[in-house]
Amino acid sequence: MNRRSALVVALSLAALPVIALPHAAHAQQFGSQVAFLEGGQILISEPALQGRPAAIRIYERDGDAWEETGQILAPAHEGGDFFGRFIAMDEESFIVGGTLFEDSRGAVWVYDRSGSELELRQVIQPEDTTEDDSFGRFGVLYEDLLFVSALGFEDEGAVWVFERDD
């Protein structure tokens, strides 16, 4: 094999129940981000809801089916904010990006996490972002560092790095 050869691994997968919305989710981006909480909960974002707050839906397995057991709604906004564009989490924090918040300036919501319990701690919105910057499009949490992009910042894009403070 040369360096350009690809390694292919065959996987055997068993069919599992599908999680789907009971109503049409056209253009709502249901499933654009997925995360797992302890206790078997699955979080699925639906960031493109219009006319009402975007949501992250919480599901739990009930036998052979998945049941929606709750939602995390975009805080303090009338909808159309793309809350749930990215989800990042570790044992301490649950972090959500929303690019269209406040005329596409964007924001990131940081929740304290204790098992499956979430409590909003902070909203991050850098002072130097402006309308149409779309802060919060992508985010990655690595140890105590959070990297967040703004694709429209100064028409070129940028990534902010935040350090968790005890």
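Reader: Hello! Over how many bridges do strand 3 and strand 4 pair?

Author: Happy to start there, with the note that this is a predicted model. Strand 4 covers residues 65-73, and its pairing with strand 3 is antiparallel. Within that pairing, arginine 57 stands opposite glutamine 71. The number of bridges between strand 3 and strand 4 is 8.

Reader: Which residue in the turn of that hairpin has a positive phi?

Author: Strand 3 and strand 4 form the hairpin, with 2 residues between them. The phi in question is about 70°, and the residue is glycine 63.

Reader: And in strand 3, what is the bridge partner of glutamate 46?

Author: Strand 2 (residues 41-46) runs antiparallel to strand 3 (residues 55-62), and 5 bridges join them. The strand 3 partner of glutamate 46 is alanine 55.

Reader: Does arginine 113 count as buried or exposed?

Author: Arginine 113 sits in strand 7, residues 107-114. A polar atom of its side chain lies 2.5 Å from the backbone oxygen of aspartate 90, and among the residues that arginine 113 touches are Phe36, Met89 and Leu118. Buried means under 20% relative accessible area. Because its relative accessibility is 11%, arginine 113 counts as buried.

Note on methods
Residues are numbered from 1 along each chain as its sequence is written. This is a predicted model: local features need pLDDT of at least 70, side-chain atom pairs count only at pLDDT 80 or more; totals for chains, interfaces and linings use all residues. Side-chain values use heavy atoms; hydrogens and water are left out. Helices (H or I, at least four residues) and strands (E, at least two) are DSSP runs, numbered from the N terminus. Buried means under 20% relative accessible area, exposed over 50%, partly exposed in between (1.4 Å probe, protein chains only). A polar contact is a pair of N or O atoms within 3.5 Å; within protein, one must be able to donate a hydrogen and the other to accept it, and residues adjacent in sequence count only if both atoms are side-chain atoms. Contact means heavy atoms within 4.5 Å. Two strands pair if DSSP finds at least two bridges between them. Lists of a residue's contacts leave out its neighbours within four places in sequence.
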